[in-house]
Amino acid sequence: MIKHKTQTASSHLALTAALGLAFVATPALAETAEAEAAAQPAGGAQVEDDVHNRQTDGIGTIIVSAQGLKELDVLAGTSVVEIRDIQRDAVTGQIGDLLTKIPGVSATSFAPGSSRPVLRGQQGERVRVLVDGVGTADVSNTSVDHATTIDPITVERIEVLRGPAVLLYGSQAIGGAVNVIDKRIPTRMPDEDFHFDGFAGIDSATNLRTGAGSIDVGVGESLVFHVDGSWRQTDDFEIGGFQVAPALRADLLADADEEAAEGELEEAAELREAANQRGTVPNSAMESWTINAGLGVILGESTFGASLGWYDTTYGVPTRPGAGHHHGEEGEEEGGEEEGEELVTIGLKQFRADFKGDVFLGDGAFERLKLRVGYSDYTHTEFEGAEVGTVFDSTSVEARAELVQNTGGTLRGSSGVQYQHRDFFAVGAEAYIPPNLTDQVALFTLQELGTGPFQIEAAGRAEFTKVKAQTLGIERDFDTYSGALGLVYEGIEGIRVGINGSRAERAPSAEELFSDGPHIATQAFEIGDPNLRTETAWGLEAYARGSIGAGTFSLTAFRQWFGNYIFLEETGEEEDDLPVFQYLQQDADFFGIEADLNYPIIDGEGFRLITDLRASYVEAELADGTAVPRIPPLSLLGALEAQTGAFDVRGEVQWFDKQDRTTAFETPTDSFTLVNALIAWRPLADNQNVTVQLAADNIFDVNGRRHASFTKDFVPLVGRNFRASVRLSF
């Protein structure tokens, strides 16, 4: 097994080296682009990346970094989170918790060290988390206890695509995608000799200590060197009440009474202690650090670059109180008595290499050639106390090439090819997933037609996937085809309305097909089905968005009809003293509404008072009439924000409804309300490059629980939390 890993890693490192040689040779391929750019106005090399990498609507709002389109209405539910919002909302070190105030977005919130986005009720294998268009290449999609290898404090912006982002990024994005844009590969020359960005923060509820910094240095007229790093550490986090949910607490106390009646006083005391645990969540501390280095070559309107990076984190996995990790004979001492419960921690490491190219092709039919390659060597170790339990290893390569049409004509868009390869295996007594290989090749196109009040958008993707479990001797091939068609009307100035229809397909993942064994971190025995069929989803989406006077609004309603929907369901059985969860298939129906309104009540010179209103709702039902597991409830957010030149003051209330539409073995969650406030101060009157922020989250110390969370019954949200941070940019 180890030999196989070494051989695979060596071959991928060879590929990485070849990409490095291609990077060195690339400037020669770009001589034509450089010559054409020489005729451009001075300073063209320093144009902000909005020009080439982002699209804007009629009022200047950034939509998404899709290429060749004025808009991306086939993905109507699109949001962009900028640095200002990242500093404001980055409570934990995981990307999922950062985005939960966006309509249509929740989080898995498994633990502070592991939280992934939930988009329109979809999570796991239906939501891709990307770094500048290619996957993070971690294994966070395979299980909720696996962290994403992104630290939000080093991020420049985040694009959230709700809906069938499969059209852009692959079948694992059938529910949406989160595209993280960072600065590891420079795409423009700094205006100064060097540019520095820094961030530092602390908080009270987790005893957070964190810091990050990056430097960009221009070398000559066309080279930019970049380096960044970050560090984050927390203790066990504080909560506003009991650790366990009321129903679970009642069960634990009832079990304690039974043990006491039978004379088992020690066991009864332990159960009562578990039921009465409050104030903190044990074993929830984490520590992480990152370091990245990149080099960019800017040749007029063309850019090329490469980067290397390392991500390292260790985090605790809170265990369900009263539950032990007793798997067969290993969980017993001599004489048949069970051993004490061991704390579970996860150590995660990832080496990553990336290449990026953007070649300006001139004024012909195609304006640009976009190239993107990412390589990852990932290791994830689950520890039971000091002992190594299971080690997960994954090496992967993902590459994209995209031709972007010139936007001057009536037909605009881009077309490309994408390739993914993943070699995954696990070693240990609880390696519940067998070694497997996944290869995928795809062709895609997005097109936009029309310049008048009516526009038509169309997108299509053909994808060919092979999944192979070597030790089982099983190989599955899937050919999937996805497409979308949208009609847009822009007859009212500043307002776009439209309707989209889509059909998307997703191939089952190796985890869904081949899992079979105990998984200690999730305290579940997981069983896949090697005969799973392709998942399909027909979708219909209507939307309106734009400006109302000085304000902006967005309203989207969607419906998706899934065929052969794959879901993980508790069966009620036990194996190795663990509840059995099995991957099943059934048709499913999703419906939802997302809305937001941002409007200035007062818009005077030097002072603005803005109201910010947001709402999300999704319901999902299986064909047999039961609920789809772990669907977020209705949520509402209302905020007032006062803005001056030096200060921003914001107060907000976020309400989550109860969720009692549950499956047979799923517990309901109560409604709760979070009240937050912050003050942001820019001390340099004529310079926005220093921002000091003081924030108070969950001011009333509410004990809230996210329904989408696998661990909601014993991992509530963070309690009252006071935060302070500073961001510098010079």
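A: Buried means under 20% relative accessible area, exposed over 50%, and partly exposed in between (1.4 Å probe, protein chains only). Helices (H or I, at least four residues) and strands (E, at least two) are DSSP runs numbered from the N terminus. This is a predicted model: local features need pLDDT of at least 70, side-chain atom pairs count only at pLDDT 80 or more, and totals for chains, interfaces and linings use all residues. Residues are numbered from 1 along each chain as its sequence is written, and side-chain values use heavy atoms, leaving out hydrogens and water.

Q: Okay, which residues are buried in helix α8?

A: In α8 (residues 265-275), those are Ala268, Leu271, Ala274 and Ala275. They sit on the same side of α8, because they cover an arc of only 125 degrees around the axis (going by directions from the helix axis to the C-beta atoms).

Q: And what do the buried residues of α8 pack against?

A: They pack against β11 (238-242) and α7 (246-261), with contact meaning heavy atoms within 4.5 Å.

Q: What's on the face turned away from the buried side of α8?

A: The exposed residues Leu265, Glu266 and Glu273.

Q: New topic: what does Phenylalanine 562 touch?

A: Leaving out residues up to four places away in sequence, its contacts include Gln122, Ile174, Ala588 and Phe590.

Q: Last one: where is Leucine 540 found, and is it buried or partly exposed?

A: Leucine 540 is in strand β25. It's partly exposed, because its relative accessible area is 42%.
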